[in-house]
Amino acid sequence: MKNVYELLAPCHFGLEAVLKKEILDLGYDVVQVEDGRVTFLADADGICRANMFLRTTERVLLKVGSFKAETFEELFQGTRNIPWENYIPQDGKFWVAKASSVKSRLFSPSDIQSIMKKAMVERLKGRYGISWFSETGSSYPLRVFLYKDIVTVGIDTTGESLHKRGYRTLTSKAPITETLAAALIMLTPWRADRILVDPFCGSGTFPIEAAMMAANMAPGMNRSFLSEDWKNLIPRKLWYDAVDEAEDLVNRQAETDIQGYDIDGEIIKAARQNARQAGVDHMIHFQQRPVKELSHPKKYGFLITNPPYGERLEEKASLPGIYRELGEQFKKLDSWSAYVITSYEEAERYMGRKADRNRKIYNGMMKTYFYQFLGPKPPRRKTGEAE
């Protein structure tokens, strides 16, 4: 019988429902949804598939334990009680890579890290009958969350964060992460047969993520994962199976109308290069173009964009003009919808229209707003009518 694990998938605050739907669509049972995290059940095959196919999580953690700890002694004992020998082989390299604490009595990350490491060594010494660990084998880094004195312990199966798809070698000044871009696109009704334009495309993240969705390309196809080396837990064949499944699902004939504009010609070159790396450059039209020249002859398209926020003081003065131009050009687009993520609180005022919906999303520690300006739905095609 296959081992079934509890897996933790962290995400941006405010986007838990998008990640939950992705996990359910992959065929796994969700057991808990919390702020910034979804917990689900899967076997070793599911660890591979979650890393390969989930677009909106930052990483996949194998949950190994949860306990209450108000003192460092309780932290030590709780950690020592986890059956580490079921997960970490004798030559495994193990450490607490990250510890975070919210509303808990234990709050010093460095103390939490060192005490938990000591407790793991103590447990494994007894189980393996050795007093010294070479740690020359595969890596098993831990991520630990303390919330209201409850310690949740997970082993990172991913390695480098999943937003690193492997295609973005060149970035603009304030890039949006691939996972956030994918989640925001999923919050819109956009589909591959609809027009998508990003007038502030920067290094191309929104257009590239949209093109990858349109071609059904798994986000993890062009990268590796830390747990590929976990031969004690995940047979190598399962990784090959996940790659084969991803390859079989790609629709290389997908046709799209996806466009990315930016005022900076060098950034447009970077966006083209990134799209090439992702294998979707033939699906996207990138062009150096200022927002005041934004136009499109067709109806019912989508603007999905991440305009400047004015995080640097010298940029703040230019923001009213940028958002005013965006609003004016959007008004000229017949029956279009616009989706704008920004931390700029005057965005609606200068765009000249109140958003139909507004969703608060945390981009790291920065509070942003996902303004949704909804256009009319296109008329339904009659049965048998050509696309």
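Start with the largest nonpolar core, which has 57 residues. (A nonpolar core is a set of buried Ala, Val, Leu, Ile, Met, Phe, Trp, Tyr and Cys residues joined through side-chain atoms within 4.5 Å; buried means under 20% relative accessible area, with a 1.4 Å probe and protein chains only.) Select Leu75, Trp84, Val144, Val153 and Ile234, the residues with the most contacts inside this core. Before you go on: this is a predicted model, where local features need pLDDT of at least 70, side-chain atom pairs count only at pLDDT 80 or more, and totals for chains, interfaces and linings use all residues. Residues are numbered from 1 along each chain as its sequence is written, and side-chain values use heavy atoms, with hydrogens and water left out.

Now keep Val153 and show what touches it. Leaving aside neighbours within four places in sequence, the contacts of Val153 (heavy atoms within 4.5 Å) include Leu62, Val64, Phe67, Ile82, Trp84, Met116, Leu142 and Val144. Apart from this core lies another, of 40 residues, with Met213, Ile258, Tyr339 and Ile361 among them.

Next, colour the strands. (Helices, H or I of at least four residues, and strands, E of at least two, are DSSP runs numbered from the N terminus; two strands pair if DSSP finds at least two bridges between them.) Select E4 (residues 61-68) and E1 (residues 5-10): 2 bridges join them, antiparallel, and Leu8 stands opposite Leu61. E4 is also joined to E7 (residues 150-156), antiparallel again, by 7 bridges; look for Phe67 and its partner Val151.

Move on to the open sheet of 7 strands. Its order is E10-E9-E8-E11-E12-E14-E13, with mixed pairing. Which are the edge strands? They are E10 (284-288) and E13, each pairing on one side only. Inside the sheet, 5 bridges join E12 to E14, which run antiparallel, and Ile341 has Phe370 as its bridge partner in E14.

Then pick the helices that pack on this sheet. H5 touches E11, E12, E13 and E14, and its direction makes about 165° with that of E13. (Axes are lines fitted to C-alpha atoms, for helices over the stretch in contact; angles run from 0 to 180 degrees between N-to-C directions.) H8 (residues 265-278) touches E9 (257-262) and E10.

Finish on H5 (residues 178-186): 8 of its 9 residues are buried, so the helix is largely enclosed by the rest of the structure. To see what covers those buried residues, show helices H1 (16-26) and H6 (205-214), which are included in the cover.

Conventions. Buried < 20%, exposed > 50% of the residue type's maximum accessible area, 1.4 Å probe, protein only.
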